[in-house]
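Let's take a walk through this structure together, one piece at a time. Have the sequence and the 3D view open as you read.

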Amino acid sequence: MNATAAGLPGDWVHAREEDTGGAKVYRPWGHPLPPSRWRHRIELRPDGSYVDHRLGADDRSPRARGHWTVEPGPRIRLRPDDQGEPARTLEVVAAEPGRLVLKDLP
Amino acid sequence: MSTPEGGRPAHHWCGTMPVHHQMIATRPDYAIARAAIENTTFARRNARAPRRREVVTIPVVVHVVYQQEAHNVSDEQIASQITVLNQDFRAANPDVSQVPAPFRPAVADTLIEFALAGTDPAGQPTSGIVRRRTGQAQFGDDDAVKFSSRGGSDAWPADRYLNLWVCNLVPWLGYAQFPGGPAETDGVVVAYHAFGNTGTATAPFNLGRTATHEIGHWLNLRHIWGDDGDACSGDDFVADTPNAAGPNFGAPTFPSVTCGNGPNGDMFMNFMDYTDDRAMFMFTNGQSERMDAALSQVRASFVAKKVLDGMWAGVAESVMRT
């Protein structure tokens, strides 16, 4: 991580009600949100590790772990510990206190 | 896979049906069981195995696990949940009339009903309700609620009862276990505020549809979007649910087109989507066939032998055996 990572570490949950223009709005875990059958949650930890709470076929949330780095843009690069899983890149559209806006990149 | 009650041979089949890549398979025996179930399900469809015509009634034990009295759902609320299940699985729910015209031919009466168990595992009369006060303020998706040693309530024998746990589940509304998993965790878990249609049930999940959805999983149904994130490559192994991208939330307006599935779009009113309770109101014939396949094999202990025989009548031995 570097200085551009400011505001990125945190335990983030998808507030889909606030999504705009193909970007996903995340709020800190615990932020008051309406109940939902599922919300994506991702923990971007200060030590560079992450926990991705995915949507399971049985409605549980299997956790995928890996490491994240910040690239120019800024972008977040997620590298799963599972070598069989592809890495993913997210564009950081906005990073404000209590609000993180991300967009999936191909 | 064990031999179903009634002395039938194990219904292994050497097919090529892939086991879904996202199936949680931390236990090798579970992965093997899942593969066998899918193979048999696929084989029954290919063989045009007979469909069940008799109603099957599943005995249910409801485990109410609560720390706060407010989470100790009432008998009335439990009864309301059973009523909802019996409407939803029989296409007798009043809102089935809202199914859009193009999807109406797919609506299924699954001929599955539910009743609170009248006899406990020891053979004694029971209300079918177990109430356990716990020191746990909340539960997650780690199965703790299913074990007394972890603050929950132990499962009743999974081959004789559908175990349904109600608790302060955070943040999930519910989760399930597919057929073929460990007996001690077999069943479904539902949050107290998404259970039944009265008492603590809270909008927009206040019509009992979370349990309908979870029991669909318990009978081997998959999410209609195919559990592939938001992609169009996943499959729920059911032909009459349109290919869809990701889960739908809230109460969409018909039609909602994804994955080139126009003009009718996603079947977001299906119980196996993620819409609000008021927006989901149907199972399909294909889903009913898939649940039948589960009841013909891994859930066969809930089916009378005569009925089970009928479900396998005329099916070639090559389909029934490895």
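This is a predicted model: local features need pLDDT of at least 70, side-chain atom pairs count only at pLDDT 80 or more; totals for chains, interfaces and linings use all residues.

In which kind of crossing, left-handed or right-handed, does helix 2 of chain B pass helix 3 of chain B? The crossing of helix 2 of chain B with helix 3 of chain B is right-handed.

Two packed helices are characterised by the angle between their axes and the distance between the axes. Here, helix 2 of chain B covers residues 75-88 and helix 3 of chain B covers residues 209-218; their axes come within 9 Å and cross at roughly 60°. Helix 2 of chain B and helix 3 of chain B are therefore oblique to each other. From helix 2 of chain B, the contact is made by B:Q81, B:V84, B:L85 and B:D88, and from helix 3 of chain B by B:A211, B:T212 and B:I215. Sorted by class, this helix contact has four nonpolar, two polar and one charged residues.

Now turn to chain A, where eight strands form a closed barrel in the order 1-2-8-7-6-5-4-3, with antiparallel pairing. From one strand to the next, the twist averages 35°. For a look at one pair, find strand 4 (residues 49-53) and strand 5 (residues 63-71) of chain A, which run antiparallel and are joined by five bridges. Within this pairing, A:V51 stands opposite A:R65 of strand 5 of chain A.

Finally, see where the chains meet: 12 residues of chain A are in contact with 21 residues of chain B. The side of chain A that touches chain B has four nonpolar, three polar and five charged residues.

Terms used
Residues are numbered from 1 along each chain as its sequence is written. Chains are lettered from A and ligands numbered from 1 in the order in which they are written. Axes are lines fitted to C-alpha atoms, for helices over the stretch in contact, and angles run from 0 to 180 degrees between N-to-C directions. Helices (H or I, at least four residues) and strands (E, at least two) are DSSP runs, numbered from the N terminus. Angles under 35 degrees count as roughly parallel, over 145 as roughly antiparallel, 65 to 115 as roughly perpendicular and the rest as oblique. A crossing is left-handed if the near helix is turned anticlockwise from the far one by less than a right angle, and right-handed if clockwise. Two residues are in contact if their C-beta atoms, placed from the backbone, lie within 7 Å. Ala, Val, Leu, Ile, Met, Phe, Trp, Tyr, Cys and Pro count as nonpolar, Asp, Glu, Lys and Arg as charged, and the others, Gly among them, as polar. Two strands pair if DSSP finds at least two bridges between them.
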